[in-house]
Amino acid sequence: MEIASVATVFFSPTGSTQRLLSAIAEGMGADHIQAIDLTPFAMERDEPLHLDTDVCVIGVPVYGGRVPAPAVRRLARLRAAGLPAVLVVTYGNRAFEDALVELEDLVAELDMPVVAAAAFIGEHSYSTKATPVAEGRPGIDDFVAARDFGALISDALRSVDNAAELDPVAIPGNRPYKDITVLDPICPELDTTLCSLCGDCVVMCPTGAITIGESVETNAEKCIACCACVKKCPTQARKMTAPRVEKVRAWLVKNFSEPKKPQIFF
């Protein structure tokens with residue numbers, strides 16, 4: 001089958017997943033690449049999203065070994081029955097656990113056949129200069145691997161007349177999925193002496209947790225701790241320093257500092 005067009009569909013608060021999907025799509029050599037960003041809070045709606053491309057690459061970050069809840073809801077809007085799907089998760093160098101199989105099940109509900117899958121490394125959302133966890137990932141080698149993965153997908157699809165002719169993809173993970181740990185809500189703190197009230201954090205928050213008036217307010221109940229507002233604040237006015245986050249940071253640095261490599265599944 002020919003691959004003239006590719007859709008990349010992603011939930012990517014800090015941008016790592018989006019950039020990796022772009023590299024994968026480039027490696028596939030399609031003439032046209034359509035990017036569908038499910039990250040903005042405005043995508044939290046019910047209207048269906050119809051896809052009309054030859055293949056779709058779907059990517060999400062891993063939060064606690066699972067697919068983020070907002071991504072689950074927004075992916076359910078896709079209407080692409082029969083469209084071959086490539087599944088991608090990015091995780092912060094610890095483990096992707098059940099996220100890929102959960103994503104596989106979400107896509108199965110949409111009647112999209114899975115032709116390949118991958119797990120890539122992205123800088124952990126809790127990573128800081130003082131406590132780096134997968135700092136700078138994805139890096140050059142990751143993007144090379146992503147483009148090579150795209151080329152392999154292209155070769156596989158072009159070797160058959162229909163994606164259904166390809167062997168089923170063996171994706172690691174457990175069913176039932178691991179439980180989602182429910183903790184007291186927390187959110188980044190604001191240093192008002194550094195905040196310029198620019199409003200960037202309001203725009204980038206994927207859950208609409210941040211509002212701005214005379215000051216910036218964050219609804220901890222809505223916050224998913226993606227830390228996009230922390231990493232992208234132009235004045236570094238936002239920080240995540242809750243004691244339990246600091247404890248997790250120390251644990252991650254101690255146990256998961258050895259760089260991991262991307263894994264691909266066909």
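Predicted model: local features only at pLDDT ≥ 70, side-chain atom pairs only at ≥ 80, totals over all residues.
Colleague: Is Q236 buried or exposed?
Modeller: The relative accessibility of Q236 is 58%. The cut-off for exposed is over 50%. Because 58% is over that cut-off, Q236 counts as exposed.

Colleague: What is the phi of Q236?
Modeller: Most residues other than glycine have a negative phi. Q236 is not a glycine, yet its phi is positive, at about 55 degrees.

Colleague: Which loop holds N93, and is N93 buried or exposed?
Modeller: N93 is in the loop between β6 (85-91) and α3 (99-109). N93 is not a glycine, but it has a positive phi of about 75 degrees. Its relative accessibility is 2%, and the cut-off for buried is under 20%. N93 therefore counts as buried.

Colleague: Which residue does a cis peptide bond join to R137?
Modeller: Most peptide bonds are trans. Here omega is about 0 degrees and the bond is cis. The residue in question lies in the loop between β7 (114-121) and α4 (140-158). Its name is P138.

Colleague: What is the omega of the peptide bond from R175 to P176?
Modeller: P176 is found in the loop between α4 and β8, the latter covering 189-190. The bond from R175 to P176 is cis, with omega near 0 degrees.

Terms used
Residues numbered from 1 in each chain as written. Heavy atoms only, no water. Helix = DSSP H or I, 4+ residues; strand = E, 2+ residues; numbered from the N terminus. Buried < 20%, exposed > 50% of the residue type's maximum accessible area, 1.4 Å probe, protein only.
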